[in-house]
Number of protein chains: 2
Amino acid sequence: MDRNAPVGIFDSGVGGLTVAREIIRQIPEERIVYFGDTARLPYGSKSKDTVIRYSRQIIRFLRTMDVKAIVVACNTASAYALDVIQAESDIPVIGVINAGARTAIHATRNGRIGIIGTEGTVNSGIYTEVMRQLKPDIEVFGKSCPLFVPLVEEGLLHDSVTDEIASRYLSVLKGKYIDTLVLGCTHYPLLRSTIRRLMGEAVTLVNPAYETALELRELLKSRDMNRQEQMPFEGEKYQFFVSDLAEKFTDFATAILPGEVKETKQISVEDY
Amino acid sequence: MDRNAPVGIFDSGVGGLTVAREIIRQIPEERIVYFGDTARLPYGSKSKDTVIRYSRQIIRFLRTMDVKAIVVACNTASAYALDVIQAESDIPVIGVINAGARTAIHATRNGRIGIIGTEGTVNSGIYTEVMRQLKPDIEVFGKSCPLFVPLVEEGLLHDSVTDEIASRYLSVLKGKYIDTLVLGCTHYPLLRSTIRRLMGEAVTLVNPAYETALELRELLKSRDMNRQEQMPFEGEKYQFFVSDLAEKFTDFATAILPGEVKETKQISVEDY
């Protein structure tokens, strides 16, 4: 495997850019190929079989770009498809859930952890399963928040309506006396200040993006697959692909990532 | 063409069932094959090219069921893809927009019409175009309401949050002194009472489903393609197909349609 090859990252849309941003910050020498499945988003309300089929197509596309490792930067795809993809793949594949679960386990003092995410992620029970493997006596309380993604995409990050909806979703978790809350969807860090205010300062908010980037760095290093700063390469260091609305994606990515995103290419992912 | 063949109806998901319900009410003798693209919904925020590609695949699937005519029961697909599909098809294809536009033109007294729908439908400008062809001096005011579909799917039909969001969306149209408002998305009739209260009794609300069913009935009759009540057939009179989450669809369809929906089959629509 070429250690100069890029890392592949995928998500149902733009949310995974919060993970890409953290990877760029922590391992700036790595090259990235990002794919956002904007023609078929959202994944959060779709079935396990469908999310697995979509993830397999994306993996086949990313392999054509000669990636050396893959980050599933989408909680729903990590919840439903990670096992399957890992079993089928001869390159390392990591998701965001193990990282988020591990951080939460380290952060909690009273052993009561909340997890918010899409219906797919929460109903899969995957966070509970992973956390219990790490610490069997942990108590995990999940709550799906289906309106958070549409509210973020409508730009209502600081709005009375978002406050009201968040207050309803989170009241269930407040009643459980959790001291740690996992933001189990890549869109949710954009609602961090609202969630922070409603949950109070005593509750630690866990954003899996940070630890996912750390896990990737350790993994590449341990396998001698990390790229050296001075290695020459052809083309762009960061490449972006989507299945729909490339221009809109470019604007969003430029707003989230450090530096301007020059171009996003559109591909027919269902052909892979 | 076999006049005993079913009519094909499609939508991005469950919304088109409000059109199917009206067809069942007005032409109960007709057989129906319904397809909901639940693996790729929503269509309203996706590009024209993508919606056309998806619509073509669905048409190819419906043709394998030997349908005699097709109803595009989705405003976004009607806005973006109807022309293309009609040009490629040797069976009649009708959408929901002509019917909605015609009804609105007949209903208005002051010549000022509002249209609410998805970003795709409203930004396409198709309602304005069709209405101006029918009546050139009409004034049309569009407003996209991206949160309406998620709010309906979350079940918040009668809720203070829905009131607040609807009030923001509709205030723009109230300022335009419209006397007629087209519900240009098949989900919106489910918010009818909220919209009615906010717009006031003086504004006529137009639901294109009614006139679409009427148009279909006239079309089949004029071409001698209407089914005769007593014609025998094999299998179910109403058949339902989706690309994901068949059981959830069955529950929703049973709630909307008269009579129980026994079964929904899942197909891989991208293979067509």
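Which residues are buried in helix H9 (residues 192-199) of chain B? The views below take up this helix, the pairing of the chains and one arginine.

This is a predicted model, in which local features need pLDDT of at least 70 and side-chain atom pairs count only at pLDDT 80 or more, while totals for chains, interfaces and linings use all residues. Residues are numbered from 1 along each chain as its sequence is written, and chains are lettered from A and ligands numbered from 1 in the order in which they are written.

**View 1. The buried side of helix H9 of chain B.** B:Thr194, B:Ile195 and B:Met199 are buried (20 or more other C-beta atoms within 10 Å of the residue's own; exposed means 12 or fewer, partly exposed in between, with C-beta atoms placed from the backbone). Seen down the axis of H9(B), these buried residues fall within an arc of 115°, so they line one face of the helix; the arc is that of the directions from the helix axis to the C-beta atoms. They pack against H8, strand E7 (180-183) and strand E8 (204-206) of chain B. Helices (H or I, at least four residues) and strands (E, at least two) are DSSP runs, numbered from the N terminus.

**View 2. The other face of H9(B) and the residue after the helix.** Exposed B:Ser193 and B:Arg197 sit on the face turned away from the buried side. Just after H9(B), B:Gly200 takes a positive phi of about 90°.

**View 3. The two-fold axis relating chains A and B.** In chain B, the C-alpha nearest the axis belongs to B:Arg40, 2.3 Å from it. Copies are superposed by least squares on the C-alpha atoms of residues with pLDDT of at least 70 in both.

**View 4. The interface between chains A and B.** In this interface, 15 residues of chain B are in contact with 15 residues of chain A (C-beta atoms, placed from the backbone, within 7 Å). Helix H8 (residues 160-174) of chain B gives the largest share of the chain B side, three residues. 100% of the interface residues of chain B are also interface residues in chain A, so the copies meet through the same surface.

**View 5. B:Arg217 in helix H10 (residues 208-222) of chain B.** B:Arg217 is partly exposed, with 15 other C-beta atoms within 10 Å. Not counting residues up to four places away in sequence, B:Arg217 touches B:Gln26 and B:Ile27.

Notes: Contact = placed C-beta atoms within 7 Å.
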